Each structure stands twice: as structure tokens, then as C-alpha cells.
Amino acid sequence: MSKSTLGIIGGGQLGSMLAIAANKLGIKTVVFSDDIDAPAQNFSSEFVHGQYDNQNIINEFTNKADVITYEFENIPYETLHEINKKKIVLPKPSVNRIIQHRLAEKDFINMLNIKTTKYVSIEKKSEIDSVQDMLPGLLKTTTMGYDGKGQHLINCTKDLDSLNIDYSKGYILEKLVKLKKEISIIITRFSDKKYEIYEPIENIHEDQILKYSKIPAEINEKILNKSKLWATHIAEELKYVGTLCVEFFIDRSENLFVNEIAPRVHNSGHLTINAYNISQFENHVRAVCNLEQIPLKKISNAKMINIIGSQISVYRNKKFMKKEFFFDYLKKEIKNKRKMGHLTTLID
């Protein structure tokens, strides 16, 4: 499908890096975003602006592309399903439907005999009183929310009194683990049992936003192998096509738990651009556009730092060393807790 046009729904930094990877492969891109200032338009061949439920805009976008993908999971299933009637959407909409609902996602993972933290559905405040053994825990909306949005730490039921929670939206309560470490596995699946898998990435979050990532992760061989096996099992069961990220918790007793699945390229995988011969973004484009699968080769160990909010001003005026790679997402508005760029450093 070389020289075809790839449609990308979503115009943020992940869309930008997908477009950059596609350009490298000679594939045109058209970005569809509800943000008029979406930075991905700086790198795409065409840009379509409009709401994700606007049928006219959907038709305009669909007619411009040969195959469709997306950079974030909170796209209405109905939109993806409608587009999929005319053009191939990868990953397929049914994958997104499962993963964008936290309860359905957890149920799916457990069905595969893969561990998650304990969880329970919450539809009214009184239900939390009957599950005291789940506290302390994180109360999360079952849909939407990222980077800590729609999430509340609950140490005891009194904490609920100060929160204005609309229980009609649907919530899930997840029991906190005694966390030792967080890792992620990024895997690109091309077809049945054909995939490329990156080594585990160690992550540190601040204010529930990813701040640092590095490879290699400081984990034992058992955790390394199990995390890869579980990520592969998830990708195969979903019959996934494209790049997928599975985020894991490791507790102080060296137990491994799946935290969540991201059906897309992922923030923790930014370092793959410089640390591997093929980045997570290029592999995603290769998979969804049915291009050649090239074996992964690691070039270097690496670390990555996310640049948040006003920090970007410092980096935009900074000089960098030979093994430092600065990525400015070219977002026009600087906001608190907004990801504005990242810096990857290769390590000998």
C-alpha cells in the first residue's frame, strides 16, 4: 500500500510523530482533529478540522484516505464504526470499544488469566461503604480521562464528602498496590503471530502524568519475560494491527499487574525514535499500511523526560549535546500539566 494516504484521527503530538514516520516512508497523511490549532497539521499532507460526530466532516476525511488510524482512544465508537464501513480502520473499532471502557478492559484482561489490581464497579456512593477492603483506592470514571483526569484518590469514605462526583457517569474503584515500579511494553503486531516487541520501559509518573522513561528497565528476568508474554497474548487475542502499549505495575513483592492498555502509540515509547532502528511510530505505519516488517535492532540505551507546561520555554532556548534529542510539539498554547515536548538522551 505504498504511496497511499493514511488518515489519522487526532492532531496531538502522537499524530505529529505518526505523520513524520509516514512521510519518511513516502506515505501521505491527512489529519482529522477537533482542535483548529492541532500541531499534527504541521507535518501532515492535509488537515481536516471538525467535531468527531459531524457526518459531513467524517465523510470529507474518509474520502481523502485509503486506511484510517487514530492517535488517542477516546473517539466515539460510532464514528470509528461509521468510517469502517467505507475504509479500513486499524486498530479495528471493536478493540477501541473494549479498551476505552475501563471496566470492560479489566474484565477482558482477567478473562485471559492475566492479573490486574482488584477492582469493582461503582454506580452509587453507598456501594463504596460495602467495599472498605478496597481502600485506599483510585476512583476512576469508566470512560474518558487520561493523565490523571477523572481520577480521585480515596483513602477513606470521608474523602468522598469533599468531591463532587456524578455517579451516573459510571465509576470503577481500583485497589492501590504497594507500588515498587511501573513499566510498559510496546508491541507492534502485523498479523497472526507476526510482531515486533520492544524491551520493557521503566516509567516514573508525577501528578499521574508520565515524567521519565528509560531503557533498560531495572527488573528481573522473570518480570521481563512475563510482561512480554502478557503483552503478546493481549495483542493476539485482540487480533490487533498496529502499535499497542500495555502498562504494568510491579509491587514490592515482585508481583506483576496490568494497569491498562493503550490501543495506540504511547508516550513511554518516544525514546524508540532514537534508541531503535525502527520507532514505534514507523512500525505502526508499517503495520496498518501493510508494509514490510523489519526486525527490530536496539541502537542504544536511552532515557526520556517529558517537558510539561511552562518548562518548554527553557528548552526552546537551550543548546543540546550530541546524544540529546529535543522534540518540540509546537503547541501554540502553554497550559499547566500540558505535554509540550520531550527530550531523549542516548546512554552508552
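In this predicted model, the crossing of helices H2 and H3 is right-handed. The residues that make this contact are Gln55, Ile58, Phe61 and Thr62 on the H2 side, and Thr79, Glu82 and Ile83 on the H3 side. Sorted by class, the contact of H2 with H3 brings together three nonpolar, three polar and one charged residues. Helix H2 spans residues 55–64 and helix H3 spans residues 77–84; the two pack at an angle of about 45°, and their axes are 11 Å apart. Angles from 65 to 115 degrees count as roughly perpendicular and those under 35 degrees as roughly parallel; H2 and H3 are therefore oblique to each other.

Attention now turns to a pocket. The second largest pocket has a volume of about 250 Å³. Its lining is built from 17 residues, and those that lie nearest the centre of the pocket are Met17, Ile20, Ala21, Ile273 and Phe327. Three elements each supply at least two residues of this lining, namely helix H1 (13–24), helix H9 (280–288) and strand S17 (324–328). Helix H1 provides the largest share of the lining, with six residues. In terms of class, ten residues of the lining are nonpolar, four are polar and three are charged.

Two cis peptide bonds can be described here, beginning with the one that joins Leu135 and Pro136, for which omega is about 0°. Pro136 sits in the loop that runs between helix H6 (126–129) and strand S7 (137–141). A cis peptide bond also links Ile215 to Pro216, again with omega of about 0°. Here the proline, Pro216, belongs to the loop between strand S13 (209–215) and helix H7 (221–237).

A further backbone feature concerns Lys193. This residue is not a glycine, yet its phi has a positive value, near 55°. Lys193 is located in the loop that connects strand S10 (179–191) with strand S11 (194–197).

Methods:
Residues are numbered from 1 along each chain as its sequence is written. This is a predicted model: local features need pLDDT of at least 70, side-chain atom pairs count only at pLDDT 80 or more; totals for chains, interfaces and linings use all residues. Side-chain values use heavy atoms; hydrogens and water are left out. Axes are lines fitted to C-alpha atoms, for helices over the stretch in contact, and angles run from 0 to 180 degrees between N-to-C directions. Helices (H or I, at least four residues) and strands (E, at least two) are DSSP runs, numbered from the N terminus. Angles under 35 degrees count as roughly parallel, over 145 as roughly antiparallel, 65 to 115 as roughly perpendicular and the rest as oblique. A crossing is left-handed if the near helix is turned anticlockwise from the far one by less than a right angle, and right-handed if clockwise. Contact means heavy atoms within 4.5 Å. Ala, Val, Leu, Ile, Met, Phe, Trp, Tyr, Cys and Pro count as nonpolar, Asp, Glu, Lys and Arg as charged, and the others, Gly among them, as polar. On a 1 Å grid over the protein atoms alone, a cavity is a set of points where a 1.4 Å probe fits but cannot get out, and a pocket is an open set with protein on both sides within 12 Å along at least five of seven lines; lining residues have an atom within 4 Å of a point. Grid points are joined across faces, edges and corners, and a volume is the space filled by probe spheres set on the points.
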